[in-house]
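This report describes the fold of one protein chain, from its overall form down to single residues. Please keep the sequence and the structure in view while reading.

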Amino acid sequence: MNSKLQPGPTPDIVIIGSGIGGSTIAAGLAGSGVEIVILEAGDHLADRPENRDPRAIFQKGFFRPKENWYDEAGKPFNPGNYYNVGGNSKFYGAVLTRYRAEDFEEMQHLEGVSPAWPFAYEELEPWYSKAEALFQVRGTLGEDPTEPHHSAPYDFPAVPDEAPIAALRKRLKAVGVHPASLPLGVDIDTWLAHGKTPWDAHPNSFNGKMDAETTALAAALAHENVRLETKARVTRLETTPDGKTITTVHYEEDGSSLVIRPKLVILSAGAVQSAVLLLRSANDANPAGIANRSDQVGRNFMNHNLSAVIGFDPRFKNDSVYQKTFGFNDFYLSDGNGGAPLGNVQLLGRISGPVLKSDLKLVPEWALDRFCAHTVDFLAMSEDVPKPESRVRIDGDKIILEWIRSNWPAHQKLVAQIKTVLRAAGFPLVLSKAFDRKTPSHQCGTIRMGTDPATAPLDVYCRAFDHPNLFVVDAAFLPTSAAVNPALTIAAQALRVADHIVSKDLAQ
Ligand SMILES: Cc1cc2nc3c(=O)[nH]c(=O)nc-3n(C[C@H](O)[C@H](O)[C@H](O)COP(=O)(O)OP(=O)(O)OC[C@H]3O[C@@H](n4cnc5c(N)ncnc54)[C@H](O)[C@@H]3O)c2cc1C
């Protein structure tokens, strides 16, 4: 630790984790002058050749954590969950989209009900605009019929379609769908100046992607009252004997066990790791774990039903580099015929031969490259509705992820609809592949917010009902997954919670 990083023994606030939730709440709190220490398990991601090398990323798993979680049958798997400054957002596709207004209301799905949020879309709307400004989102309003009301326009125009993608947009419009530019946190010129690659799944080292480190954390660290400690993994929270107040945060750094005693603890270690930390911190007064009177910590794990859908047309020449500039929501609020909602469709980062090779190991890369020269790649995303039996739990040192998918029939219908659309648009061959638990990238719901302490660990400002000096602001708080990318909603709520903490002087 250098002297700048020496925390006081009792800072006002400790934030655990520097991902979207942790960094954004730090940005929201920084101006208040309270002393904030951010404890981050990982280190800064270096600027290195592997950041732009698809073989390193997809074939060799260069950045994957050296960690296993276990499924319900006890089978280990290596999860794509990243531990570094900025968290998973260093690798994300930077689609920074709002939940639709209808996502805040109860929604009947083909299989299950997505419950209403404890507040309506309009409550979060002002912080969505603030989050879009903080993450410098590029976008265009008015193209997507499902887009909710925005009180402020985007500060930057949408990232432009490359020529084949502009042609594809026209082909899709001609068959009746409504392509809309994706809201993206990418300065495309800066990104491409560092290498002609897509940004989705490619780590960012201050190369043009607006992730938690390059935007929110940078804004927070511009204030002298905010300090970041890297390679500082929190292991346990300790409470007063009555179990109500968090007194001590235990963490490990450089092989040493250390403690810090803040007035307020803001947990944001990611939906799986935050639940694990609360469960591991069980004590006599909180035998089921911290904040777990409702027995909901770790439960309601959701992760979206996701598939890659690849269309092939021998006459279509796709020489795009990044590809990921539009999506469509024609099947978002209904299946297109008044039936239950199916989900969102968006372009993926360009899939090339080296990327496909990680799945098709026996096919030569040159053959895959020739195939990919005529393909276009979409991501199909459907809502996974909350179920208590879908859960994260611990078994000694092991993390068990019992993900019980829901609403799978809706996802199958969505994939079938995309295939119909693409065939109509002139792609005779359309292939799809579903993502499994090794890709927990949209994990959420494990420490949900609500209005009733019997059914939710957190109140509507993400404060633990059981512990007035504990907040949880990562994806764990989300009561529903909707069927859009989660990061902007996590950021908006983190800014809302920050304003609440400041307005109520909760860190004093
Ligand atoms: C490849 C990929 C693509 C994605 N694309 C998109 C997209 O386009 N749009 C979108 O909205 N979302 C996307 N996501 C999801 C998005 O990145 C996550 O929803 C978001 O980062 C979650 O933020 P978080 O704050 O909940 O947690 P995280 O970002 O996971 O941050 C948690 C932080 O806590 C740290 N931590 C963990 N345990 C401890 C501990 N014990 N002590 C201290 N620190 C700890 C971690 O190192 C990490 O920095 C993508 C994710 C991936 C992996």
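Of the contacts between residues at least 6 apart in sequence, 72% join residues at least 24 apart. The model that shows these contacts is predicted. K244 sits in the loop that links β9 (232-239) to β10 (246-253). Beyond its neighbours within four places in sequence, K244 is in contact with D466, H467, P468 and N469. Its relative accessibility is 48%, so K244 counts as partly exposed, the class between 20% and 50%.

**The chain as a whole**

The secondary structure consists of eleven helices and 20 strands. The radius of gyration is 22 Å, close to the 23 Å that the globule rule gives for 508 residues, and the chain is therefore as compact as a globular protein of that length. Along its principal axes, the C-alpha trace spans about 70 × 50 × 45 Å. Buried residues account for 61% of the 508 residues. The accessible surface comes to about 19,000 Å², and carbon and sulfur atoms hold 53% of that area. As for charge, the chain carries 51 positive and 60 negative side chains, and the centres of these two sets lie 6 Å apart.

**Strands and their pairing**

Six strands form an open sheet with antiparallel pairing, in the order β7-β14-β15-β16-β13-β19. Which strands stand at the edges? They are β7 (180-181) and β19 (429-434); each has a single partner strand, so one side of each is left without a neighbour in the sheet.

| Strand | Partner strand | Bridges |
|---|---|---|
| β13 (residues 305-312) | β16 (residues 375-382) | eight bridges, antiparallel |

Is helix α7 (residues 271-280) mostly covered or mostly exposed? It is mostly covered, for nine of its ten residues are buried. Among the buried residues of α7 are A271, V272, Q273 and S274. The list also includes A275, V276, L277, L278 and L279.

The loop between α7 and β13 contains D295, and N300 lies in that loop as well. Most residues other than glycine have a negative phi. D295, although not a glycine, has a positive phi of about 60°. N300, also a residue other than glycine, has a positive phi near 60°. As to their cover, D295 has a relative accessibility of 37% and so counts as partly exposed. N300, by contrast, has a relative accessible area of 2%; because this is under 20%, N300 is buried.

How values were computed. Residues numbered from 1 in each chain as written. Predicted model: local features only at pLDDT ≥ 70, side-chain atom pairs only at ≥ 80, totals over all residues. Heavy atoms only, no water. Helix = DSSP H or I, 4+ residues; strand = E, 2+ residues; numbered from the N terminus. Rg over C-alpha atoms; globule rule 2.2 N^0.38 Å. Buried < 20%, exposed > 50% of the residue type's maximum accessible area, 1.4 Å probe, protein only. Contact = heavy atoms within 4.5 Å. Areas by Shrake-Rupley, 256 points an atom, 1.4 Å probe, with all protein chains shown as cover. Lys, Arg positive; Asp, Glu negative; His and termini not counted. Charge placed at Lys NZ, Arg CZ, Asp CG, Glu CD. Pairing = 2+ DSSP bridges.
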